[in-house]
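Thank you for sending this model; my notes follow as numbered points, to be read alongside the coordinates.

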Amino acid sequence: MSETKKTCDLCGLPIEVSGFTLKTQQGSKGFCCEGCLGIYQMLHEDQVMNESEKFKENNHESR
Ligand SMILES: [Zn+2]
């Protein structure tokens, strides 16, 4: 079991605090800070899974 430290998908710095993650069509991405997450989200708007859309889909499915 090796603990590989994740790096920020925007700036490449090691992620010290987890929680800044984003679900995209290419899997989940991790970021070192909220700023990087926001910028990535802006740059890859079409690839980022829309939470509200997912919720809507779930809601529809459960009915
Ligand atoms: Zn970063």
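1. Helices, as the term is used here, are DSSP runs of H or I with at least four residues, numbered from the N terminus. With that convention, His44 falls in the loop between H1 and helix H2 (51-62). This residue is partly exposed, because 16 other C-beta atoms lie within 10 Å of its own, a count between the limit of 12 or fewer for exposed residues and that of 20 or more for buried ones. Although His44 and Thr24 are 20 residues apart in sequence, their C-alpha atoms are 8.7 Å apart in space.

2. The mean pLDDT of the chain is 85, with 75% of the residues reaching 70 or more. Among the elements, H1 has the highest mean pLDDT, 96, whereas H2 has the lowest, 58. Where pLDDT is low, the predicted coordinates should not be read in detail.

3. As to overall organisation, the chain contains two helices and two strands, which follow the pattern β-β-α-α when read along the sequence. Of the 63 residues in the chain, 16% are buried. Among contacts with a separation of 6 or more, 25% are between residues 24 or more positions apart.

4. The strands E1 (21-24) and E2 (27-30) run antiparallel and are joined by four bridges, while a hairpin of two residues connects E1 to E2.

5. In the segment before E1 lies Val17, which is exposed because it has 9 other C-beta atoms within 10 Å. Between Val17 and Gly30, which are 13 residues apart in sequence, the C-alpha to C-alpha distance is 9.8 Å.

6. Which residues of H1 are buried? In this helix, which spans residues 34-43, they are Cys36, Leu37 and Tyr40. They lie on the same side of H1, because the arc that they cover around the axis is only 100 degrees. An α-helix has 3.6 residues a turn, so residues three or four places apart point the same way. On the other side of H1, the exposed residues are Glu34, Gly35 and Met42. The cover over the buried residues of H1 includes both strand E1 and strand E2.

7. The largest nonpolar core consists of eight residues, namely Leu10, Phe20, Leu22, Phe31, Cys32, Cys36, Leu37 and Tyr40. H1 provides the largest share of this core, with three residues. In soluble globular proteins, nonpolar side chains tend to be buried together.

8. Phe20, one of the core residues, deserves a separate look. What is Phe20 in contact with, leaving aside its neighbours within four places in sequence? Its partners are Gly30, Phe31, Cys32, Cys33, Glu34 and Leu37.

Technical notes:
Residues numbered from 1 in each chain as written. Predicted model: local features only at pLDDT ≥ 70, side-chain atom pairs only at ≥ 80, totals over all residues. Arc of directions from axis to C-beta. Contact = placed C-beta atoms within 7 Å. Core = buried A, V, L, I, M, F, W, Y, C linked by C-beta atoms within 7 Å. Pairing = 2+ DSSP bridges. pLDDT = per-residue confidence, 0-100.
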